[in-house]
Amino acid sequence: MGATRSPYDGFMKRLLAIALLALAAVFPAAAQTFTGAMSGSWWDAARAGEGQFITFETLGTRNVVYLAYFTYTADGRATWQVGSADYAANATTVEIPLITGSGARFGNAFNTGDVRTAPSGTATLEFVSCTRMRMRHTAIAGLVLDLTRSVGPLAGAGCGDKPPAASSLTGVVSGSWWNAQRNGEGQFITFETLGNRNVAYLAYFTYAADGTASWLVGNADYTIGARTITIPLITGSNARFGTAFRSADVQTTSAGTATLELTSCSTLRLSYTGAAQTFAHDITRLVGPLTGLGCTDGIVTASPLANEVHTDQYASTFTGFTYPISISFPPGYVPGSANHPVIYSADSEFLFQILVGTVRERGYNAIVVSVGNGGSDRRFVDYVSPGWNDYFRFLKLELMPFIETRFRVDRTRRTFVGYSLSGSLAGVVMLMDDPADRRFGSFISIDGSFWNQTATINGFEDELFARTHALPVSMYLAAAENRASIANFRARLDLRSYTGLRVNLHDYALSHAAVVLPAIQDGLAFTFP
């Protein structure tokens, strides 16, 4: 596709490369407009059985939105409507002319010359938030669809994330795909997350044996680090389009399997196996990378082994500092093992070896990821105000995607550990963490310096309480020489009576240095009961 041609004008057939799905903050992203991180599978939860695949991609300097609406005809057959439109960088609404197709056949019988397209109305998308849109359709008068994600954010490429290079199937590989020799059909593919699950979705927009538009869709969980995934497919029938749609009418039937193999950020191998035929071909991006995210090919490396320790470094764009990273894999980290709890810590110089020793000795089976502090002067930048704002962005939006797209991490079991200044930082991270998108479930604060910038810390707590009275996390507070300020922090939390908060304050008759070992041992016992 030439950069000077409209992705709607001149190759309507290519627009069929879209998809569907049949499945019934720190800081929230600052952008209040459409962005590549919003790409994925969407639906109106009141209309289970139909849905939308939407991507926000780039082509040179252009921003292009693609919409695929998988739905039904007036006589109850599966059908699709697809379209694209350019949108402005700060747009909050976009109108997308839609088409549907006919004439061609599925699989080995497909012939581009058979494809016929026809207009099928105009859809208008309205931005509400990174996790919500509204959609109107000219053929559905008076109806506004309230779209939310049918699964979750893109893997390692959620709103605000800084995704790493792709050496395996991951969120930045998502988008609209096609085979240029099969102009007139296409695929929409996303790699999303749902709690601890990594979910691949494929929607194949194609044709039935009688030449009518039809879709095959499916999803399957995949392992972090995988480069191939096999997805069972279904198709649907019996429901109707628009105001006549009823979820209870939807009937689904099996429609074969599709296997995706990652060869690069711009090429996948698609293999289909069905009852009547099999075929395989390469597919490439229909437009380009997701807006604001991009996709670069990563180096494929061997999977870590049990008890290995890796060292790495990360140059943060938020803090402007390059951090040494130490990563330890537990004895249970073996091929085929489930996802593992992860313990993130600051102050690697003080904490990493003790954390690793305790995890192995007590069999917690957790990955340990410790960030070096960069020296004493740097601690008074990252672990205090205002530097802790950017440091938390680094943890949440850079380090987590860097780790969790490469290693088998259980995203529902994250712990943050800090000591002294980074111990009070642990309390701040708990208070700053977005209630709508909590990244950490537990915290261990070791003799935290809550006496430092107390008013600022209390201000964070006031803001949290004004927003929600729920705080479903665990906090272990180990007190030694900073016991008075830690007790005051605990008392403040107790007065609020946050729903779901587990707090344990242990006062140790030890020095600031001597408390680290027993605090880690007791804190992990509290975190991993």
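## Two helices side by side

Helix α5 passes helix α6 in a right-handed crossing (a crossing is right-handed if the near helix is turned clockwise from the far one by less than a right angle, and left-handed if anticlockwise). Two packed helices are described by the angle between their axes and the distance between the axes. Here the axes of α5 (residues 454-467) and α6 (residues 483-496) come within 12 Å and cross at roughly 15°. That makes α5 roughly parallel to α6, a term for angles under 35 degrees. The axes are lines fitted to C-alpha atoms over the stretch in contact, with angles running from 0 to 180 degrees between N-to-C directions.

Which residues make the contact? On α5 they are Ile457, Asn458, Glu461, Asp462 and Phe465, and on α6 they are Phe489, Arg492 and Arg496; contact means heavy atoms within 4.5 Å.

## About the model

This is a predicted model, in which local features need pLDDT of at least 70 and side-chain atom pairs count only at pLDDT 80 or more, while totals for chains, interfaces and linings use all residues. Residues are numbered from 1 along each chain as its sequence is written, and side-chain values use heavy atoms, leaving out hydrogens and water.

Helices (H or I, at least four residues) and strands (E, at least two) are DSSP runs, numbered from the N terminus.

## The disulfides

How many disulfides does a search of the whole structure find? There are two, a disulfide being a pair of cysteine sulfur atoms within 2.5 Å. With the bonded cysteines numbered in sequence order, the pairing is 1-2, 3-4.

The link is left-handed, with -60° about the S-S bond. Cys130 is buried at a relative accessible area of 14%, where buried means under 20% (1.4 Å probe, protein chains only).

Cys265 and Cys295 form a disulfide with sulfur atoms 2.0 Å apart. They too sit in distant parts of the chain, 30 residues apart, Cys265 between β14 and β15 and Cys295 between β16 and β17. The torsion about their S-S bond is about -70°, so this disulfide is left-handed. Both Cys265 and Cys295 are buried.

## Helix α1

Helix α1 covers residues 348-362. Its 15 residues should span 21 Å, and its end C-alpha atoms are 20 Å apart, which agrees; the expected span is 1.5 Å times one less than the number of residues. Among its buried residues are Leu351, Phe352 and Leu355. Just after α1, Gly363 takes a positive phi of about 70°.

Note on methods:
Buried means under 20% relative accessible area, exposed over 50%, partly exposed in between (1.4 Å probe, protein chains only). Angles under 35 degrees count as roughly parallel, over 145 as roughly antiparallel, 65 to 115 as roughly perpendicular and the rest as oblique.
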